[in-house]
Amino acid sequence: QSAKLLKLPPFLTISLLRFNFDFEKCERYKETSCYTFPIQINLRPFCEQTEMDDSEYMYELFSVIIHKGGCYGGHYHVYIRDVDELGNWQLQEEEDRLIEDKALRDLQNAKEIENPLAVLKGILSEEESKQIPVDQLGQKLLEKKGVSWNKKYRKQYGALRKYLQNHPQVFQLSPDENKVGLKEAHKFLLKLDSTGQDLQSPPQKNDVQWNSEKTSPKPRASSAGCHWFDLNDSKVQPIKEKDIEKQFQGKESAYMLFYRKTLLKRPPEARGNPRYQIPEHLLNEMNAANTELQRKRAECDSANNGIDLHLHLSSCYRFHNGALHPSLTWKESVVDLTIDRRKTLGDLRQAVSQMLESWEGDMVLSMAKPLPAGLHLYQVLDGDELSLDGIGLADGADIFVWNGKEVGGTKVMTGPDHEPVVVNALRLAQYNEGGKGQHFTESQHIFSCSTRVAELHRALAPSGGIILKNGSGAEKEAKNWEVFLEGDMKETVRSVGLTDGCSLLILDSHDQSFVNVASGNLTAFTYDISWLQVRNFCRGEDEEKHVKITATIETVMADIKMKAIRELQLEEELANKSCLRPVSGNGKLLSPVPEDYTVKEAELKMGSLLGLCHGKAPTSTQLFLYFIIGSDLNLSPEMEIVVEETASVKECLNLMLEKSGLSGDNWHLRRLDWCYEAGEALSQENATLKELNVCRGDTLVIMEGKLPEKGLLTIRIWWLRSSSPKKHGENAQAQVNGMSCKMDALQVSAAAEPIHTALDLCYAGSIEIAGEASLEDLKMQAMTLPFCQEQFVPLPSFLRAWTVDSKGPGKLLRDNRQRL
């Protein structure tokens, strides 16, 4: 069959059949095969009348709607030809520039995949909710990047939760650390990255220009030279006409075609005139909209290019111990200045001069950096014609304002060659008779990194002796102490590897027996000197602080606690009301350490993190235990208790019941098995915890019900009947299916009396059965109960059994051969 056109329209619209239905598979699908279409088309072969001139039958393509996606969802955008030549953007014609851009994008994408911080920020920025579960974040990483955290990043960065904890400035974790989201500041930065624009850039793609004087385009020789534009939501960009050929097929392909007669010509006055025949009230609205857009762009541009600088005034500083220190408080010594990064250094100098009207003499601006020893100065900012961005000034930079020579009458050495380094000096003290542990004193000293080791030796050991260095710093375990040899004396502090936080051990002449000078190692000194970290969990301040405590493997925990309380600047009365608890890798507080233990007896590794918490520490004869009620951790929080190791199981149970507010004797204790569920019962109620090998830090479970006799289980049976009256001859299987449908709403009473609820839940009785019996034996024995015999169940396989937990349905018991 065919048809011919009687009359041609000025505009011809063609809709391609991209969406279809597969009757064999009974599902919709998108047709992605190739469909080519010309830029110009002659419709003479399809018309009934063919006597007119060729030009009457010619049509030209002026718009194509593109569909991206599948048949169940996707996105539309459109290619439109600039018929009136209104566009004022030009294509980037240089092919080498396009190649470079593509290579740069590929490199950025590769770096993004390699950088877990950028990947995780990108995933969280797409989430509408403020926080998502940490496990769900790992799954989204696998879906979006095709790699799992453990396979790609764990070896270098550790576990995902630990990585999130190590970047608190970016990620916001919930109090239980199970959910994570982006901090508001980073959400704002990501938003600026995607929408921020430069006022000095060429006119924006989503701008509507209505001034013909500003937008007059270059004249084009023919219609073939007309520009095409891709309108994609708020994004508009120019495309080449030949790029339309890329949309002939595939998941992103042409969906509708729009042709217009080639004889249709716009009036000459419409060419390049965007105001042609536009009503005045619409022009006014558009002008107002563009004015508002420019105002918002100016605000955005200021936010993107504005940087905050911290000006440190020399009049508020003094130089001592090799670094600059504020005479007053930090806030009183620093002046904040906000300036556009595109301005020059001369503009910055002028702005500082206006702020400091009372300044006299020369004004020199030097880059500064806060170090552990104090503020140190680096290069002088020079070149007033250079932009701030060009000289490398970043947001938050520190700048020192001075005369370039001295501060408070003292000459100041600047530059990386004179950086101050803080070292810890340790000296052995007399052994404390009658007490445990090796005691020593600790003091901090500051030296320039250009100081020679000989000068350092004279300053720390003026009466002679040996100095040993430990260059591993505070973050790593320190074991190897090395002697400074004669050849090291001409070296500098930096060249021998001393950095902030390194320790030096000074041994006087009577301590030198510890050292084998020939090898240069500490051989006979058996006490490893290293560090423990203590964090304040007493919530005395807004945020948890932590300090580094120097200790040996023989240091007593009580000494560590007192030193931590002093360094955290807490009240010393807290010593009698607090204890130290190790913190696990996932942030959980472990059982407190007895105060009379040494670091070695407490089995602590050097560098471990301890928490200072409220509560008394257990003695060496006491056990610190966790316990929960019921096997469901979501319903029962973990509680803590301290009991004597000689207490019986029954006494321990009573103490736990009293602490949790429970009463009665219908309870028993179980251990927690390896999969964190209620396991073996502590059936010997009169045995002590020590005899049953209950250890410090174990978790016990309080379960409802008395302990059964050995080898026998006492099980209460509840029956759920169909709520509708049973009809004669009704299929038994249908009854059972009806029961299972109501299990979602099941509420079970623990009383031993028959209960008739709205769901016809009835107590059928209790049975005693061997623990070695199978589930099928249980069902068979349950069918012998008088109540169950009235239910007309032909075989045990027609029954379904659930456990009853916390007055609700537990899990469905599936395998009939499974032992009870």
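Predicted model: local features only at pLDDT ≥ 70, side-chain atom pairs only at ≥ 80, totals over all residues.

Colleague: Which residues line the largest cavity?

Modeller: The lining is made of M557, K561, C579, L580, V593 and E595. Residues are numbered from 1 along each chain as its sequence is written, and side-chain values use heavy atoms, with hydrogens and water left out.

Colleague: What makes it a cavity, and what makes a residue part of the lining?

Modeller: On a 1 Å grid over the protein atoms alone, a cavity is a set of points where a 1.4 Å probe fits but cannot get out, and lining residues have an atom within 4 Å of a point. About 30 Å³ of space lies in the largest cavity, counted as the space filled by probe spheres set on the points, with grid points joined across faces, edges and corners. The structure holds one cavity of 30 Å³ or more. Helix α12 (557-567) and strand β31 (578-582) each give at least two residues to the lining.

Colleague: How many helices and strands are there?

Modeller: The protein chain has 16 helices and 41 strands. Both are DSSP runs numbered from the N terminus: H or I with at least four residues for helices, E with at least two for strands.

Colleague: Why is K140 called buried?

Modeller: Buried means under 20% relative accessible area, exposed over 50%, and partly exposed in between (1.4 Å probe, protein chains only). K140 comes out at 18%, so it counts as buried. It sits in helix α3 (residues 134-145). Leaving aside neighbours within four places in sequence, K140 is in contact (heavy atoms within 4.5 Å) with I123, E127 and I132.

Colleague: Why do D233 and E603 count as exposed?

Modeller: D233 is at 64% and E603 at 71%, so each is over the 50% mark. D233 is in the loop between β10 (228-232) and β11 (235-239), while E603 is in the loop between β31 and β32 (609-614). D233 has a positive phi near 55 degrees without being a glycine; for E603, also not a glycine, phi is positive at about 60 degrees.

Colleague: How do you know that the length of α13 agrees with what a helix should span?

Modeller: The expected span is 1.5 Å times one less than the number of residues. For the 12 residues of α13 (residues 649-660) that gives 16 Å, and the end C-alpha atoms are 16 Å apart, so the two agree.

Colleague: Which residues of α13 are buried, and what puts them on the same side?

Modeller: V649, C652, L653, M656, L657 and S660 are buried. They cover an arc of only 135 degrees around the axis, which puts them on the same side of α13; the arc is taken from the directions from the helix axis to the C-beta atoms. Exposed E658 and K659 are on the face turned away from that buried side. Cover for the buried residues includes β33 (622-629), β34 (639-644), β35 (667-672) and β37 (699-704).

How values were computed. 1 Å grid on protein atoms, 1.4 Å probe; cavity = no way out; pocket = protein on both sides within 12 Å on 5 of 7 lines; lining within 4 Å.
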